[in-house]
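Here are my notes for you, written as numbered points. Keep the picture open while you read, and check each point against it.

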Amino acid sequence: MAEQQEQAAADAMMTRIGQVIMLLHGGDREEARGRFLDLWAEIGDEGDALHRCTLAHYMADTQDDPSDELAWDLRALSAADELTDARVAEHHRSLAVRAFYPSLHLNLAADYVKLGRSEAARGHLDVARDNVGVLGDDAYGDGIRAGIGRLESRLDQEVPGGAPEGTPRQGRGPGGETLGPPRHTP
């Protein structure tokens, strides 16, 4: 009985995170940021890794400062490293932890591009590309692969005399598109 109650509570938190994600996707970044912070306070730095990973992954999208976005994406990666397939399967049977990594590393690569740190961006982009094979041939997988391609093109177009390492960038591709991948709703 206690195990069922714990599972219901865990599902309730994922539902609450999902509701804030919908708010974010509806365009209310400030409200989403505030609600995510409230949920983060409930979860805590040592709380359920799936909750922390999911929340931090989306919280990054609410940030105005690229350094803050990077910090949240690093929290998401750290939490993913603590996850097990068994825990992820409790939330959704078809999910596997390894499928989180292409998106997480692509987000980090995009963060580093925004911060003008090309080498760090390339390192995470390489990890994303090396792990993209675990994704399905569906809209989500296609979006991640497209995001990797856009970011690779952006990095390949950098000129040697361009902005020095550490110079902040706008975080947009040549056509104005966002450099990061699509976020997958839990």
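1. Let's start with burial: of the 186 residues in the protein chain, 45% are buried. Buried here means under 20% relative accessible area, exposed means over 50%, and partly exposed is in between, with a 1.4 Å probe and protein chains only.

2. A word on where the values come from. This is a predicted model, in which local features need pLDDT of at least 70 and side-chain atom pairs count only at pLDDT 80 or more, while totals for chains, interfaces and linings use all residues. Residues are numbered from 1 along each chain as its sequence is written, and side-chain values use heavy atoms, with hydrogens and water left out.

3. The protein chain has eight helices and zero strands, so-called DSSP runs numbered from the N terminus (helices: H or I, at least four residues; strands: E, at least two). Of the contacts in the protein chain with a separation of 6 or more, 63% are between residues 24 or more positions apart; contact means heavy atoms within 4.5 Å.

4. Because Trp-40 is in helix H2 (residues 29-43) and Trp-72 in helix H4 (residues 66-82), the pair ties together parts that are 32 residues apart in sequence. Trp-40 and Trp-72 are both buried.

5. Stay with Trp-72 a moment: Arg-75 lies over its face, 4.2 Å from the ring centre. For that label, NZ of Lys or CZ of Arg must be within 6 Å of the ring centre and within 35 degrees of the ring normal.

6. Now see how H4 sits against helix H6 (residues 101-114): their axes come within 9 Å and cross at roughly 160°. Axes are lines fitted to C-alpha atoms, for helices over the stretch in contact, and angles run from 0 to 180 degrees between N-to-C directions. Residues making the contact include Leu-70, Leu-74 and Leu-77 of H4 and Leu-104 and Leu-108 of H6.

7. Last, find Gly-123 in helix H7 (residues 118-131). Gly-123 counts as partly exposed because its relative accessibility is 34%.
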